[in-house]
Amino acid sequence: MQLLEFEKPIVELERELEKLRAKADSQDIDMSVEITTMEAKLAETRRSIYLNLSPWQRVQIARHTQRPFMLDYLAQVFTDFCELHGDRRIGDDEAMPGGFATLGGRKVVVIGHQKGRDTKENLRRNFGSAHPEGYRKALRLMKLAEKFNLPVVAMIDTPGAFPGIGAEERNIAEAIAYNLREMMLLKVPIIAIVLGEGGSGGALGIGVADRVLMMENAYYSVISPEGCAAILWKHRKHAPEAAEAMKLAAPDLLEMGLIDGVVKEPEGGAHHDHRAAALAFSEAVGAAIDELSKLSVKKRLDARYDKFRKFGEWTEA
């Protein structure tokens with residue numbers, strides 16, 4: 001299990017609590033008072049840490065290797081998933097799975113970034129960084145959704161689009177830009193939800209939506225904190241300061257009106273309880289689909305256009 005630096009006090013208390021319980025069992029001693037006191041201390045420490053997370057700590061949670069990924073949510077809350085492959089130009093991209101599925105009785109088309117948990121799977125999924133084929137496949141599936149009048153659910157979880165030579169040769173910038181234009185005009189409801197990392201154009205390439213939601217400990221930004229720190233401070237060690245300045249966490253983005261809702265995670269983050277996170281995901285996405293499906297196509301398109309035209313507010317110190 002990956003242990004984050006700020007979680008160490010919690011782990012130490014958990015070990016002490018386990019020792020007390022083991023001692024009580026092995027020596028047949030009544031240590032109920034000590035155990036109750038330690039449980040209360042553990043609960044208070046956990047609550048204090050997770051209620052006061054810094055933006056950088058949220059970034060670390062967003063990148064946690066045990067966090068539920070796109071296919072985990074598919075397995076937990078969707079049924080009848082039928083994966084479709086290929087962009088009909090170059091090939092398939094396993095960093096961007098997608099296909100038909102059912103969410104709580106609602107037929108949808110689902111697309112999203114998929115990371116890996118070990119080296120082998122990360123190589124297969126390209127660390128969640130899609131090639132041009134992935135974005136073109138995503139748009140092909142969205143056009144299918146429009147043809148069959150099905151809502152689109154886009155799950156964002158990427159450090160960014162793949163920056164390799166092959167991706168540049170196959171014009172990844174054009175693929176993403178084309179998606180931005182076509183998603184703005186798509187006639188069916190689009191719900192995007194940031195599961196973990198929402199990095200740069202790689203995220204926005206499937207993020208133009210009627211409702212943009214974020215998991216509580218996800219982040220959504222034009223650049224990574226390390227990238228920002230390297231530019232402004234000339235060193236990646238300033239990433240925590242960059243994360244604070246960039247306002248990339250869900251609460252900040254909601255306050256600025258750049259997203260439409262924050263999906264509550266179980267205490268400590270989604271990696272502690274996949275099932276609870278999946279249920280919260282299902283309720284939020286299902287409610288958004290139901291709300292948007294009641295609107296006419298014209299009202300939905302006008303609202304989508306107005307939503308993105310309002311972006312660009314700033315504050316001056």
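**H6**

I listed the buried residues of H6 in this predicted model: Pro132, Glu133, Gly134, Tyr135, Arg136, Lys137, Ala138, Leu139, Arg140, Leu141, Met142 and Ala145. That is 12 of the 16 residues of H6, so I noted this helix as mostly covered, taking under 20% relative accessible area as buried.

I then looked up what the buried residues pack against. The strands are E2 (98–103), E3 (106–112) and E4 (152–158), and the helices are H7 (165–169), H8 (172–185) and H9 (200–204).

H6 runs over residues 132–147 and spans 23 Å from first to last C-alpha, close to the expected 22 Å. Just after H6, I found asparagine 149 with a positive phi of about 55 degrees.

**H8 and H14**

I took H8 next, together with helix H14 (residues 297–309). Their axes come within 9 Å and cross at roughly 135 degrees. On the H8 side the contact is made by Met183, Met184 and Leu185, and on the H14 side by Leu301, Arg304, Tyr305 and Phe308.

**H3**

I went through helix H3 (residues 55–62) in the same way. Seven of its eight residues are buried: Pro55, Trp56, Gln57, Arg58, Val59, Ile61 and Ala62. Among the elements covering them I noted E5, strand E7 (219–221), and helices H10 (225–232), H11 (239–246) and H12 (250–255).

**Glycine 196**

I followed E5 (residues 190–199) to glycine 196, which lies in this strand. The relative accessible area of glycine 196 is 0%, so I recorded this residue as buried. Alanine 62 is one of the buried residues of H3. Leaving out residues up to four places away in sequence, I found that glycine 196 touches Ala62, Arg67, Ile156, Asp157, Ala218 and Tyr219.

**Glutamate 7**

I ended with glutamate 7, in the segment before helix H1 (8–27). Which side chain of opposite charge is nearest to glutamate 7? I found arginine 46, at 8.1 Å. A salt bridge needs a side-chain nitrogen and a carboxyl oxygen within 4 Å, and glutamate 7 has none, yet is buried. Again leaving out residues up to four places away in sequence, I listed its contacts as Gln2, Tyr50, Gly268, His271 and His272.

Terms used. Residues are numbered from 1 along each chain as its sequence is written. This is a predicted model: local features need pLDDT of at least 70, side-chain atom pairs count only at pLDDT 80 or more; totals for chains, interfaces and linings use all residues. Side-chain values use heavy atoms; hydrogens and water are left out. Helices (H or I, at least four residues) and strands (E, at least two) are DSSP runs, numbered from the N terminus. The expected span of a helix is 1.5 Å times one less than its number of residues. Buried means under 20% relative accessible area, exposed over 50%, partly exposed in between (1.4 Å probe, protein chains only). Contact means heavy atoms within 4.5 Å. Lys and Arg count as positive and Asp and Glu as negative; His and the chain ends are not counted. Axes are lines fitted to C-alpha atoms, for helices over the stretch in contact, and angles run from 0 to 180 degrees between N-to-C directions.
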